[in-house]
There are 2 protein chains.
Amino acid sequence: MKLLSQSAFRTTRDVSDQITDRGTRGLLQAGYIRQEIAGAYSFLPMGLRTLTNIANIVREEMNAIGAEELLLTALGSKEHWTATGRWDGLDVLFRLNEDGERPYALNASHEEILTPLLAEFINSYRHLEQTIGLYQIQTKFRNEPRAKSGILRGREFLMKDLYSFSRDQAALDVFFEEARKAYVRVFDRIGLGEKTHYTFASGGTFSKYSYEFQTELEIGEDIIHICENCGQSHNEEIVEKNFKCVECGHEKARTTKASEVGNIFKLGTKFSDAFSLKYRDETGMDHPVVMGCYGIGVSRCMGVVAEFFADERWLRFPESIAPYTDYLLVQGDHMDWAKSLAGNLEAEWRSVLVDDRDARFGEKIADAELFGMPNIYILSDTAKASDMPEVRRRFGA
Amino acid sequence: MKLLSQSAFRTTRDVSDQITDRGTRGLLQAGYIRQEIAGAYSFLPMGLRTLTNIANIVREEMNAIGAEELLLTALGSKEHWTATGRWDGLDVLFRLNEDGERPYALNASHEEILTPLLAEFINSYRHLEQTIGLYQIQTKFRNEPRAKSGILRGREFLMKDLYSFSRDQAALDVFFEEARKAYVRVFDRIGLGEKTHYTFASGGTFSKYSYEFQTELEIGEDIIHICENCGQSHNEEIVEKNFKCVECGHEKARTTKASEVGNIFKLGTKFSDAFSLKYRDETGMDHPVVMGCYGIGVSRCMGVVAEFFADERWLRFPESIAPYTDYLLVQGDHMDWAKSLAGNLEAEWRSVLVDDRDARFGEKIADAELFGMPNIYILSDTAKASDMPEVRRRFGA
C-alpha cells in the first residue's frame, strides 16, 4: 500500500501547449515522466512502475521460449563497430572521444557486442543442437536528428533485444516463429493485442522482408495497409502504387496510421561473417552461424499504451501494467477502512495506491482519472453508510 | 529449476595470466562477466542474476526507509552540468558532441539532473514536512584514466544513488542516520557486514568529513586505520603522521587495505544553490533545500563479494546473492530424483541449478566449486543407495 501523501511528486496542468498528444501530455501532467533533453526522459516513481511492469511481461515471455537474460555494456569498442562498417556507417551512432585516446560507441544495438562475445562459446555443432536465444532489457542510445516529443521516439530509450543463433536457416525459422508467437503474447498482455498487426516491411540485407509489429494509432509515424481479405498488414514502404496483398493477392486494403512497437529480423550471416562466428559440423566443415534479432521498444510501448487507451478522462492503464491496479480515494475519516480494504486487495496480489491527501473530492477524482489506474474505489461518508465503496472502473464493469 | 545443459555459456580456464585477482579471475572463468572495453563488462546470465540479487537487497532497504525509486536519464544536458561548473570541472565526465549541435553529458552522477527536476515539486515548507528520499539503480559512466581490471573500478558500472532533500540541517541529520543504518543492513545482507567499516574520509565542500563504507580486502585500493580502542575507521587520507582517533582520541590503530563499497555525503546547499532549489517557510522567507547523497556501487559490491569470499576451491556466494542457492550435480540416471528434489527446494523459495551435463564427475564438481553456489547436492548412484544426496556446503554445515 502506497500513500499518495508520501510521494514527492504531484500532478500539474503546467505542460507546454505544444505537446498535444494526449498520451504524452497525460504522462507529463500525471508526473510519470520528465524531459531532461529532447528525446531523453526520466521516469518518476509511477512511470517507473509502469515501465517495470511492461519489462517484466516481456521478460516472462522471453524466458518462456527458453531465452537467457544477460546485460551487455552500453559502451562499445570502436573495433567492433568498425568490423561491420557501422562506426562510420550508422548515422545515429553516438561516438565518444572520437579523436581522442579511448574512442567508444554508445551502443545503438548489440549485434556488434554479442556476436564477437559468442565466438568464444560457439564453435561446434554440439553448441547449436538447439537455437540459442539471448536477450537483455537495456537502455539504448541513438543520436536521432529529430526526437519526437514524449517517449515514442527518443535518443535514449529502454529496449528489449533478443538475438538468436542457429546452425542453419531451418532452425532459425523454427525459433523465429516461437519468438513471433511470444511477441503476440506480449502485446496481448499489455493490452495492445487486438490492434497490433504483424506487418511485412522492407527487408534487411538477408531476407526479402523484415517483420514489424504495428499498433494502430492516430499519432503513429507509420502507415500500414491491412488486406481486407486475409488481414495481412503491410508497411506502406513495401506497397506499390496499387495494393496487392503479398499473402493472398487480394487488391483491397484498409489503410491506417500505426506505431511500431516491435520488429523481428532474420539477419542470416551478416554479423557472424563479420566476426567469424562459425561452427564445425559433424563432418569437420565450418559454417557461419545463422542469426536473428528481435526488438521491443519497452519505453515506446509505454508511450503507445498511454496514447492508445487515453480517454476523455485521461490516462487509462490495463491492470497488467498500471502502476497500481487499485486507487483508493479516501474522503473523510476513513483511513482504517482504507487499510483494511487495501489489505484484502493485496492479499489477492493486487497493488494499491491510497489517496489520503487532505484535498477536495473534485481535485482527487480528477487526479485519480488523470493517473489512469483502472479501478477507483471511493471511500466516503456516503459509501460508508452502505459499507460499500463506490467503484469506478475505467475499462467498464 | 535451470538446467545447465540449456545454457549457452561454459566455464573456461582460458583467462589472461595478467588477471591475478582471485575474484575477477573466478568471475571470468565461471562465465559471469566478459569485458567489452577496459572498464566495461557485460554480465552473462549467472552474473546478471548475482547483480540483480544485490540490487534487490539494496532496493528493499531503500524502500524500507521510505525512499521512492525513479529512473533518471543517462544523457544529461550541457546546461545542467555547466550550472555547477562540472561540465569542464569534472575530469571523468564523458561529453558527447562536444563541439557539435547537441552536446550532452553521459551522467557520472545525478545531482545535476535531479536537483533542477525537483525545483518543480519543492517550493513550500509543506513539501518538506518530512525529508524526501529518491533513489535509482542505474548505469553510471566515468571516463576513468585507468580502469581496474574486473568490476571493481570501471568506466561503466551499476550504482544505486539516493538523494535526500530536507528543510534544514537537523532534518538532514535524522535522514542521514536512517540511510547509514540502511547501508549497514545492506552490507550485512550481502555478507560483508563484519568486515565493512563506517569510515571517516576527507570532506566535501560542506562538511568536515565524508563517510565511506570500506570492506577489508587485500586487493583494496584504499587504506584504513581502525582505532584499537573504539573501532572507528579512518581513511588514510585524513590520518596525520601520528594516528589519533577522531572519535575517542586513542592513538593506536590497526591498518589494513580496503575497498570502498558505499559512501554518504552531506551536500548541504551546494546543488540547491546552483539550481535555485528552495522553499518558502511559514513566515514567507525563502531557504535553500538541504541535500544529502548516498551511493552504493552495486556492480563493485559484486566484485568485492567475489574477491572477499573466494577460497581455494574458488568463488563462493552467500545464499542471499548467489545466482542459485542450490546446485544439483546429477551423476548418472537420476534426473527424476533431481526434479523431485528441486521441486521441494523451490517450494521453500530456494533457487536451483541442475548440472545435467554428460560429463565426468571431476569436471562437474570443479565447475560447481568454481561457480560458487553455496550448497552442492551430489545425486549419484552411491547417494541413491542411501536415498540421501551428498551435500557439500561451501560455508560449512
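**Stop 1: the sheet in chain B**

Start by selecting strand 18 (residues 326-330) and strand 20 (residues 375-379) of chain B: they run parallel and are joined by five bridges. Strands here are DSSP E runs of at least two residues and helices are H or I runs of at least four, numbered from the N terminus; two strands pair if DSSP finds at least two bridges between them. Before you click further, note that this is a predicted model, in which local features need pLDDT of at least 70 and side-chain atom pairs count only at pLDDT 80 or more, while totals for chains, interfaces and linings use all residues. Residues are numbered from 1 along each chain as its sequence is written, and chains are lettered from A and ligands numbered from 1 in the order in which they are written.

Now pick B:V330, whose bridge partner in strand 20 of chain B is B:L379. Next, show helix 9 (residues 335-347) of chain B, which lies across strand 18, strand 19 (352-355) and strand 20 of chain B and runs at about 170 degrees to strand 18 of chain B. Angles run from 0 to 180 degrees between N-to-C directions, using axes fitted to C-alpha atoms, for helices over the stretch in contact.

Zoom out to the whole sheet, which is open, has five strands in the order 1-19-18-20-21 (chain B) and shows mixed pairing. Which strands are at its edges? They are strand 1 (2-3) and strand 21 (390-393) of chain B, each pairing on one side only.

**Stop 2: a core residue**

Select B:Y327. Leaving aside neighbours within four places in sequence, B:Y327 is in contact with B:L353, B:D355, B:A368, B:F371, B:M373, B:N375, B:I376 and B:Y377. Contact means that C-beta atoms, placed from the backbone, lie within 7 Å.

B:Y327 is also among the residues with the most contacts inside the largest nonpolar core, which has 236 residues. Buried means 20 or more other C-beta atoms within 10 Å of the residue's own, exposed means 12 or fewer, and partly exposed is in between, with C-beta atoms placed from the backbone.

**Stop 3: two loops with positive phi**

Go to B:S276, in the loop between helix 7 (270-274) and strand 15 (278-280) of chain B. B:S276 is not a glycine, yet has a positive phi of about 50 degrees. Is B:S276 buried or partly exposed? With 13 other C-beta atoms within 10 Å, B:S276 is partly exposed.

Then jump to B:D387, in the loop between helix 11 (381-385) and strand 21 of chain B. Phi is positive here too, at about 60 degrees, although B:D387 is not a glycine. B:D387 counts as exposed, with 7 C-beta neighbours inside 10 Å.

**Stop 4: crossing helices**

Select helix 1 (residues 22-29) and helix 8 (residues 298-309) of chain B, which pack at an angle of about 105 degrees with their axes 7 Å apart. They are therefore roughly perpendicular to each other, the term for 65 to 115 degrees; under 35 is roughly parallel, over 145 roughly antiparallel and the rest oblique. To see the contact, show B:R22, B:G23, B:T24, B:G26 and B:L27 in helix 1 of chain B, which meet B:G303, B:A306 and B:E307 in helix 8 of chain B.

**Stop 5: over to chain A**

Select strand 10 (residues 196-202) of chain A. Five of its seven residues are buried, so strand 10 of chain A is largely enclosed by the rest of the structure. Strand 10 of chain A pairs with strand 11 (residues 209-216) of chain A in the antiparallel sense over seven bridges, and A:H197 stands opposite A:Q214 in strand 11 of chain A. Strand 13 (residues 233-235) of chain A runs parallel to strand 10 of chain A, joined by two bridges; there, A:T199 has A:S233 as bridge partner.

**Last stop: where the chains meet**

Finish by showing both chains: 37 residues from chain A and 37 residues from chain B make the contact. On the chain A side, strand 3 of chain A gives the most, with four residues.

How values were computed. Two residues are in contact if their C-beta atoms, placed from the backbone, lie within 7 Å. A nonpolar core is a set of buried Ala, Val, Leu, Ile, Met, Phe, Trp, Tyr and Cys residues joined through C-beta atoms within 7 Å.
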